[in-house]
Amino acid sequence: MPERAGGRPQAGRVRGLTSATASVQSARRLAETQAAVLAPGAADWDCEGVQNPPRLPISLVVIAQDEEDRLADCLRSADFCAESLVLDGGSRDRTVELARSLGARVEVRAFDGHVRQKSAALEHATQDWVLSLDADERVSPALRAEILALFSRGEPPCAGYSVPRLTWHLGRWIRGGGWYPDRKLRLFRRVGARCGGVDPHDRFFVEGRVGALRGDLLHFTYRDLAHHLQKMDSYTTIAAERLHAAGRGWALTQMLLRPPHAFLRAWLFQAGFRDGRVGFKLATLDARYQWLRFSKLRRLRRASHSRPS
């Protein structure tokens, strides 16, 4: 057969080409997705051509590492902030160069955990208010208008404001399965604010009342399913190490009970079925997250018990 004569070398070349272009294709798919999703609000999203864009007393603070394909849209979506600050964790791509070209002040600090990194970024902010975003997040036109209106009335009355976060994944906006509204405290007065939580799940705290905004913070958390699985592997490793350090036991029991509970909660009780097949897949991934977390904990505990004292 003709394919046998050069079949194996040709297959090798094809696999090499696929591997070499995988990251480029992933970045291209992400850009095309964002362009398609945000096209209806492009006039509001892209503020080029605005003679005097508003500048509010807000420091936009972003932690980033190897985010050259996503950072620009993040910074542009919050161009109403008087200051843009990017704390880079040691990027090997053009993240730092890109941030500076867009007018952001860049500080560099080796990444040692989400909570510590965001705490450090907060210390670099200079404005009275802080808007904390991740590189994969965008201020929607509706949220932008709401923030502008809030500050147009003078000093906002609350110490901070939570925003609903709407995630785009696997070709659609995810509204079931506990993914929405996923409120996050992201806009707050700098004085009295701090970052806490447990890695990799950071959260901010303020001294005073917290209000609620209605405009969505758009979240492009995963580039594709492969990226989802990659982050899941990383996050479950961090979580398992934290549980092991805290002396958490019953790993086998949790490994058996947590996955079905996570699936039923996401699919049924949190209405993941509203998102159809995608909702089913995400509920399955929630179960996989729990299984990985406690199976890794079990391996850590068995390894520590097998070491000679």
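**Group meeting: salt bridges, rings and a surface patch**

Let me start with one contact. Arg 172 and Asp 275 join their side chains in a salt bridge, at 3.4 Å from N to O. Arg 172 sits in strand 8, while Asp 275 sits in the loop between helix 9 and helix 10 (276-306), so this pair ties together parts that are 103 residues apart in sequence. The two ends have their own surroundings. Arg 172 has 31% relative accessibility, so it counts as partly exposed. Asp 275 has a relative accessible area of 3%, so it is buried.

A word of caution before I go on. This is a predicted model. Every value I quote is computed from it.

Now the overall picture. The protein chain has 309 residues, and 45% of them count as buried. Its secondary structure comes to 10 helices and 13 strands. Take the contacts between residues at least 6 apart in sequence: 76% of these join residues at least 24 apart. The accessible surface is about 16700 Å², and carbon and sulfur atoms hold 53% of that.

Back to charges. How many salt bridges does a search of the whole structure find? The count is 19. You have seen one. Here are two others.

Asp 134 and Arg 186 meet through their side chains in a salt bridge, 3.9 Å from N to O.

The next bridge is Asp 182 with Arg 165, at 3.0 Å from N to O. Asp 182 lies in the loop between strand 8 (172-174) and strand 9, and Arg 165 lies in strand 7 (residues 165-169), so the pair ties together parts that are 17 residues apart in sequence. Asp 182 is partly exposed, with a relative accessible area of 24%. Arg 165 is buried, at 11%.

Asp 134, Arg 186, Asp 182 and Arg 165 are among the residues linked in it by salt bridges. Lys 118, Glu 137, Lys 184 and Asp 202 belong to the network as well.

Next, charges over rings. Arg 175 lies over the face of Tyr 180, 5.2 Å from the ring centre. Arg 194 places its charged end over the ring of Phe 205, at 4.4 Å from the centre.

Where is Ala 193? In the loop between strand 9 (184-189) and strand 10 (194-198). Ala 193 has 15% relative accessibility, so it counts as buried. What does Ala 193 touch, leaving out residues up to four places away in sequence? Leu 122, Phe 188, Phe 205 and Val 206. Glu 207 is 14 residues from Ala 193 along the chain, and their C-alpha atoms are separated by 6.8 Å.

One more buried spot. Leu 218 is in strand 13 (residues 217-219). Its relative accessible area is 7%, so Leu 218 is buried. The C-alpha atoms of Leu 218 and Leu 143 are separated by 9.5 Å, with the two residues 75 apart along the chain.

Now the aromatics. The structure holds 8 aromatic pairs. One of them is Trp 267 with Phe 273: edge-to-face, 6.3 Å centre to centre, 80 degrees between the planes. Trp 267 is partly exposed, with a relative accessible area of 24%. Phe 273 is partly exposed as well, at 43%. Both rings belong to one aromatic cluster, together with Phe 263 and Phe 280.

Last stop, the surface. Which residues form a nonpolar patch there? Phe 273 again, with Leu 264, Leu 268 and Phe 269. Together they have about 440 Å² of accessible area. Leu 268 lies in helix 9 (residues 251-269). Leu 268 has 45% relative accessibility, so it counts as partly exposed.

Terms used. Residues numbered from 1 in each chain as written. Predicted model: local features only at pLDDT ≥ 70, side-chain atom pairs only at ≥ 80, totals over all residues. Heavy atoms only, no water. Patch = residues over 30% accessible without salt bridge, like charges linked within 9 Å, V, L, I, M, F, W, Y side chains within 5 Å. Areas by Shrake-Rupley, 256 points an atom, 1.4 Å probe, with all protein chains shown as cover. Salt bridge = Lys/Arg side-chain N within 4 Å of Asp/Glu carboxyl O. Helix = DSSP H or I, 4+ residues; strand = E, 2+ residues; numbered from the N terminus. Buried < 20%, exposed > 50% of the residue type's maximum accessible area, 1.4 Å probe, protein only. Contact = heavy atoms within 4.5 Å. Phe/Tyr/Trp six-rings, centres within 6.5 Å; stacked < 30°, edge-to-face > 60°. Lys NZ or Arg CZ within 6 Å of the ring centre and 35° of its normal.
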